[in-house]
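Please look over the sequence and the 3D structure shown here before reading the notes. The points are grouped by topic, so that each can be checked against the picture.

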Amino acid sequence: MKIQIEPTLADSICDTRTRKVKRTFFTQINLLIDWESISEIINKDYLKGKSATGKPSYDGLLLFKMCLLQSWYGLSDYEVEDRINDSLSFSYFCGMTIEQVAPDHSTLSRFRTALTKTKTFEKLFSSINNQLEINGIIVKTGLIIDASVIDTDLRPKGKASYKVTEDRCEEEVEVKKEYADSVDKDGTWLKKRGVYHFGFKKHHVTEDEGLVVGVLTTTASKNEIANLEEVLDTVNIDFPKGIPLKADKGYQSKKNVEILKKRKLKNHILKKAAKNKPLTIWEKRFNKLIGKTRFKVERTFGGIKLWFKGGKARYRGMEKMHTQNLMEAMCYNLYRSPGIVASNSKK
């Protein structure tokens, strides 16, 4: 005789909640991304936190998904630990059972530091973008480039009373100054539209819909006009020759024109008026046409700031700031992916 076990109230509640969770954004991402290949990349470099038997005390993929949640929701290490323990949807996304407890904040911090040193986040960014390309989410019709300042709270006290680099100035001011230990010494001053900034600068290369395909992190005073080639080197997808590269007029220079020719990219940098040489009617029309697409990189910066509380330095030092920029870029691309898939299916 077969014995039928009646489900408990707790089982019913969990089942109902789980079915609701399965219709969320997290499930869409779990279906979209091949996490096994991501796990393989992490396990090659994640050596810390292993037990005497050689097995990681916490799965590297679980910790990476915690980093994604942290970036999506603008959480600290402490906060993401608490949220996973409190939220069924968070724990479900991480592949945890209801009985499991989230890794503590110190474990997450050590994981992020370890993978920063091995430059694993670069590999993960590339792998995820390759998967998005295969799924038809990343388009390869053109590139857009721009930079955004990231302020840090670990700045010198008081006002800047010495020379600082002006934004879009071709000459970078080298300031040799001793700072207190509380200051992030990798940060530098930049004056932009009359406002002083201290910190870093993130340089993005996006495709035509604003999904990030290349990330470079520099100090704030770094002149993006002079490092176009360095930024283009970060693009982690093979784009066809002959596609246009769009940028604002600040990138317009003879050197950059030659760089684009060498890389076989069409020069769609906005035209810039010179002294006693205003823009022609054709150049004004050209700028207006390019502007219809070029703004999407600015939308990317704005989206990261609005959705993920980005645009502010969470960590100290250039390497960890680059990790933050890579994580935010990955999160932005993934955040927009379900909507792009849905839109493509309607075409």
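Predicted model: local features only at pLDDT ≥ 70, side-chain atom pairs only at ≥ 80, totals over all residues.

Residues are numbered from 1 along each chain as its sequence is written, and side-chain values use heavy atoms, with hydrogens and water left out. Helices (H or I, at least four residues) and strands (E, at least two) are DSSP runs that are numbered from the N terminus.

**Helix H12**

- Helix H12 covers residues 318–346, and its 29 residues reach 43 Å from the first C-alpha to the last, which is close to the 42 Å expected at 1.5 Å a residue; the expected span is 1.5 Å times one less than the number of residues in the helix.
- At Ser337, H12 bends by about 35°, and a proline, Pro338, follows within four residues; the bend at a residue is the angle between axes fitted to the seven residues ending there and the seven starting there.
- His322 is found in H12, and it counts as buried at 15% relative accessibility, where buried means under 20% relative accessible area, exposed means over 50%, and partly exposed lies in between (1.4 Å probe, protein chains only).
- When neighbours within four places in sequence are left aside, His322 is in contact with Glu122, Val215, Leu216 and Thr217, contact meaning heavy atoms within 4.5 Å.

**Strand S1 and its partners**

- Strand S1 (residues 143–151) is largely enclosed by the rest of the structure, because eight of its nine residues are buried.
- S1 pairs with strand S4 (residues 195–207) in the antiparallel sense over nine bridges, and two strands are said to pair if DSSP finds at least two bridges between them.
- S1 also pairs with strand S6 (residues 244–247), here in the parallel sense and over two bridges.
- Leu143 has a bridge partner in each of these strands, namely Glu207 in S4 and Leu245 in S6.

**The largest nonpolar core**

- In soluble globular proteins, nonpolar side chains tend to be buried together.
- The largest nonpolar core has 70 residues, of which Phe64 and Trp72 touch the most other members; such a core is a set of buried Ala, Val, Leu, Ile, Met, Phe, Trp, Tyr and Cys residues joined through side-chain atoms within 4.5 Å.
- Helix H4 (residues 60–73) gives the most to this core, with nine residues.
- With neighbours within four places in sequence left aside, the contacts of Phe64 include Trp35, Ile38, Phe111, Phe121, Met327 and Met330.

**Two lysines with positive phi**

- Lys119 has a positive phi of about 60° although it is not a glycine; Lys119 lies in the loop between helix H7 (105–117) and helix H8 (120–134), and it is exposed, with a relative accessible area of 54%.
- Lys264 likewise has a positive phi of about 60° without being a glycine; Lys264 is placed in the loop between helix H10 (254–262) and strand S7 (266–269), and it is exposed, with a relative accessible area of 52%.

**Salt bridges**

- The structure holds 15 salt bridges, each being a side-chain nitrogen of Lys or Arg within 4 Å of a carboxyl oxygen of Asp or Glu.
- The side chains of Asp153 and Lys312 meet in one of them (3.2 Å, N to O), and this pair links distant parts of the chain, 159 residues apart, with Asp153 in the loop between S1 and strand S2 (165–166) and Lys312 in the loop between helix H11 (281–308) and H12.
- Asp153 is exposed at 56% relative accessibility, whereas Lys312 is partly exposed, with a relative accessible area of 37%.
- Lys262 and Glu229 form a salt bridge through their side chains (2.6 Å, N to O), and this pair also links distant parts of the chain, with Lys262 in helix H10 and Glu229 in helix H9 (residues 228–232), 33 residues apart.
- Glu298 and Arg294 meet in a salt bridge (2.7 Å, N to O), and both lie in helix H11, four residues apart, about one turn of the helix.
- Glu298 counts as partly exposed at 39% relative accessibility, whereas Arg294 counts as buried at 10%.
- Salt bridges that share partners join Glu229, Asp233, Lys262 and Arg263 into one network.
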